[in-house]
Amino acid sequence: MKHLTRPQKNFFQRHWKGAALCTALALLLIPLSVLLVRKGAQAISVWQDSRQQAVQKVRPISLGDDLFATASSLIPTAVSNGELLTATAPDGTTLNLSINPALQHRVQGYLEQTRPPYAIFIAVEPATGRVLSLAGYSATDPTWQQQAAYQVYPMASLFKMITAAAALENRKINPATVLEFRGRLVSETPKNWDPNPRGRNNKMDVTEAMGKSVNPIYGMIASDLLGREQLKQTCERFGFNRSLLLPGVPAVPSAAPAAESTHDLRLQGCGLDHDLQVSPIHAALITAAIANRGTMMVPRLVDQAARDGKELKVPATRELERVISPETANSLTHMLLTTVTSGTSRKAFRTPEGRRLTSDMKIAAKTGSIDGDNPKGHYSWFAAYAPADQPRIALVALVINGDKWKIKASQLGEQALAEFFRQGR
């Protein structure tokens, strides 16, 4: 009967264990809740930051001169659609590139087949500046080709075109001018070039000397007929030593240091000066300017652009600068014809396609050859435009070989010209 007489417990006494448990849970949950709120706020902040960064990443691309660099970076991912090469920018903008798909494919395929250590190729429409091809390859460093068109390399005998242009423009020579010299055609020793007053010297006109790339003649044109200032002025007109030459193009400025002596001036005039450097894109525009009767055009890579179904305005064709007179350009073209017919690139055009080309049209061209260190190897240049009387394409090829030669730049140029003019294109 004890349980009948035991004092009654109040509510707290009966449920103190549950209350203690709830209190403990509350004390535990309160800081946990605070922690979760803080973490949630941090997560929201991170999400907002990442969203802002994502918005920034897809910010609309520039449709001004900077469009060239954007389009250049998109070429490897561009898709061929018949006669169009189309690329899509990060913001979704569709770009119809000026690149000729068949020409690009032929050049890239030839490079992948022959596997030179390094090679870069650029083709331009002389009258408009539209880039028709921009292809590269390296069996040594696959990343090299990404910026290869915009870096500078020893210009070699391509500079003879600048020397000749300066001499023609200043009326120091004409295409029929004959000069005397001593030494071999490829001599690299300027002190031995002066003609012997007693006679028995070598003789050659400047047109044949252009085709055969005769060092003594163009070295002495620079030193004996032009002089430092006239050659320097012509270099500047062609865009050397100018940091802002090509709008929107990420090219390293081409360099033509002022010669300090007759010896240096001769080396520069014939292209033997290793400090005389040019980017392939600039070399292509120089070649195109000569083809365009002396007017250099601003390079273009995009013909049309559209975003969200709406067509956008892109940079139009425009002149960059007149570098030489039409008369000088015509004379220089006449001199450059001998490179393919009887000069340094004649062997490259002995293929069946090459023979057909030279039988159908005249091709103005210039080769160059020199050793370099960045990257190390033997540098082979080829610049050309065709048809010489009404040029539709101007191109520059640079191939850097090791001890074992893979191909010459003139061979790459012949492949490109054959493709471009195939089936009457």
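Reader: If rings of Phe, Tyr and Trp (its six-membered ring) pair when their centres lie within 6.5 Å, how many aromatic pairs does the structure hold?

Author: The structure, which is a predicted model, holds seven aromatic pairs. Local features need pLDDT of at least 70, side-chain atom pairs count only at pLDDT 80 or more, and totals for chains, interfaces and linings use all residues. Residues are numbered from 1 along each chain as its sequence is written, and side-chain values use heavy atoms, leaving out hydrogens and water.

Reader: How do tyrosine 118 and tryptophan 144 pair up?

Author: They are edge-to-face, with 5.1 Å from centre to centre and 65° between the planes (over 60 degrees is edge-to-face, under 30 is stacked, and the rest is tilted).

Reader: And where do tyrosine 118 and tryptophan 144 lie?

Author: Tyrosine 118 is in strand β4 (residues 118–124), while tryptophan 144 is in the loop between β5 (131–137) and β6 (153–154), so the pair ties together parts 26 residues apart in sequence. Strands here are DSSP runs of E with at least two residues, and helices are runs of H or I with at least four, numbered from the N terminus.

Reader: Are both tyrosine 118 and tryptophan 144 buried or exposed?

Author: Both tyrosine 118 and tryptophan 144 are buried (under 20% relative accessible area; over 50% is exposed, in between is partly exposed, with a 1.4 Å probe and protein chains only).

Reader: What about tryptophan 144 and tyrosine 153?

Author: Their ring centres are 6.4 Å apart and their planes at 55°, so this pair is tilted, and tyrosine 153 is buried, as is tryptophan 144. Ring pairs link Tyr118, Trp144, Tyr153 and Tyr379 into a cluster.

Reader: New topic: where is lysine 347?

Author: Lysine 347 sits in the loop between α12 (338–341) and α13 (352–360), and lysine 347 is exposed, with a relative accessible area of 60%.
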